[in-house]
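Open the model in your viewer and keep the selection panel at hand. The stops below go from the whole chain to single side-chain pairs.

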Amino acid sequence: PNPYEAEVGGRLMLGTDGSNVADLMRFVAKKDTTKKENAAADDDRGEGGVTKEEEEETDGTTPLTPLEALSLSLRMSHVAPTGPDSLPAFPSAETDPLVVDR
C-alpha cells in the first residue's frame with residue numbers, strides 16, 4: 001500500500017513511493033541564492049554575472065531537492081500536501097488520512 005506505516009524496532013516508520021516528493025518538486029521552488037561566476041566582463045551581465053535573459057528564464061528560483069521536498073512535507077505535517085489536486089488521492093469531508101499527527 002502507498003503510503004505504508006509500520007513499527008520497526010520500536011519506531012514508527014512511514015514510507016511512500018516518492019510521488020508525493022516528486023510532486024512537491026514540480027510545484028514548489030526556492031529562491032536562488034547562488035551567484036554565477038562572471039567569466040567575461042560583459043556589459044550585458046547584471047548582478048551576479050547573470051544576463052537578463054538568464055534571470056527571466058529561471059525567475060530567480062531553483063527547484064527543491066528531494067530531501068528539501070521531503071522536509072517541507074514533514075514541516076507541513078502532511079504526507080501529500082498537493083493531493084488531491086495533482087496527486088491521485090481521495091478527498092475526505094471529515095478527516096484527512098494523510099495528516100501526520102504523531
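The tour starts with the overall layout and then visits the salt bridges.

This is a predicted model, where local features need pLDDT of at least 70, side-chain atom pairs count only at pLDDT 80 or more, and totals for chains, interfaces and linings use all residues. Residues are numbered from 1 along each chain as its sequence is written, and side-chain values use heavy atoms, with hydrogens and water left out.

**Whole protein.** Colour by secondary structure. You get 3 helices and 4 strands, in the order β-β-α-β-α-β-α from the N terminus. Helices (H or I, at least four residues) and strands (E, at least two) are DSSP runs, numbered from the N terminus. Of the 102 residues, 19% are buried (under 20% relative accessible area; exposed is over 50%, partly exposed in between; 1.4 Å probe, protein chains only).

**Salt bridges.** The whole structure holds 3. Each is a side-chain nitrogen of Lys or Arg within 4 Å of a carboxyl oxygen of Asp or Glu.

**Select Arg102 and Glu5.** Their side chains form a salt bridge at 2.6 Å, N to O. Arg102 sits in the segment after helix H3 (66-75) and Glu5 in strand E1 (residues 4-8), so the pair ties together parts 97 residues apart in sequence. Arg102 is exposed at 67%; Glu5 is partly exposed at 43%.

**Select Glu68 and Lys30.** The closest N and O atoms are 2.7 Å apart. Glu68 belongs to helix H3 and Lys30 to strand E3 (residues 29-31), so this bridge links parts 38 residues apart in sequence.

**Select Arg26 and Asp23.** Here the closest N and O atoms are 2.9 Å apart. Both lie in helix H1 (residues 19-27), separated by about one helical turn. Arg26 is exposed at 59%, while Asp23 is buried at 2%.
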